[in-house]
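Thanks for asking me to look this over. Here are my notes, point by point, to read with the structure open beside them.

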Amino acid sequence: MASKLKAKIYMVGSTSGIEVEIKDKEKFLDEIKKLSTSNDFYLHSDEDGEIALNTTLIQAIEFSDEDGNKREAGLVSSD
């Protein structure tokens, strides 16, 4: 069984990250890139509630598995 993948999203001007559980890293990054290009929000819902992130203000995304092992980080730019 595949381990769960988490993405920790860091916003411009913030040192704390917002952690979300994702299924596929590549699909997640494609979605973020498309939303960033159109100046749209990324909407995420889980048992803790809902959050809307302004994708043009995402500075970095760090990926890790359920054991906390970091896989790699991706940088998303609005340019």
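1. A cut-off to start with: a residue counts as buried when its relative accessible area is under 20%, as exposed when that area is over 50%, and as partly exposed in between. Thr-55 has a relative accessible area of 1%, so Thr-55 is buried. Please keep in mind throughout that this is a predicted model.

2. Now the overall layout. The chain has 1 helix and 6 strands, and from the N terminus on the elements run β-β-α-β-β-β-β. Of the 79 residues of the chain, 30% count as buried.

3. Back to Thr-55 for a moment. A polar atom of the Thr-55 side chain lies 3.2 Å from the backbone nitrogen of Ser-36.

4. Ser-14 is another loop residue to look at, placed between β1 (5-11) and β2 (17-22). Ser-14 is partly exposed, with a relative accessible area of 31%. A polar atom of the Ser-14 side chain lies 3.2 Å from the backbone oxygen of Ser-16.

5. On to the charged pairs. Side chains of opposite charge can pair when their charged atoms come close. How many salt bridges does the count come to? The count comes to 2 salt bridges. In one of them, the side chains of Lys-6 and Glu-19 meet with an N to O distance of 3.7 Å. Lys-6 lies in strand β1 and Glu-19 in strand β2, so this pair ties together parts that are 13 residues apart in sequence. Lys-6 is partly exposed at 27% relative accessible area, and Glu-19 is partly exposed at 44%.

6. Glu-26 forms a salt bridge with Lys-25, and the closest N and O atoms of this pair are 4.0 Å apart. For the distance, the cut-off to remember is within 4 Å.

7. Next, the surface charge. Which residues gather in a patch of negative charge? They are Glu-21, Asp-46, Glu-47, Asp-48, Glu-66 and Asp-67, and the patch is on the surface. One of them, Asp-48, has its place in the loop between β3 (41-46) and β4 (49-54). With 70% relative accessibility, Asp-48 counts as exposed.

8. My last point concerns a backbone angle. Most residues other than glycine have a negative phi. Asn-39, although not a glycine, has a positive phi of about 55°. Asn-39 lies in the loop between α1 (25-37) and β3, and with a relative accessible area of 57% this residue is exposed.

Notes: Residues numbered from 1 in each chain as written. Predicted model: local features only at pLDDT ≥ 70, side-chain atom pairs only at ≥ 80, totals over all residues. Heavy atoms only, no water. Patch = residues over 30% accessible without salt bridge, like charges linked within 9 Å, V, L, I, M, F, W, Y side chains within 5 Å. Areas by Shrake-Rupley, 256 points an atom, 1.4 Å probe, with all protein chains shown as cover. Lys, Arg positive; Asp, Glu negative; His and termini not counted. Charge placed at Lys NZ, Arg CZ, Asp CG, Glu CD. Helix = DSSP H or I, 4+ residues; strand = E, 2+ residues; numbered from the N terminus. Buried < 20%, exposed > 50% of the residue type's maximum accessible area, 1.4 Å probe, protein only. Polar contact = N/O pair within 3.5 Å; in protein donor to acceptor, adjacent residues only side chain to side chain.
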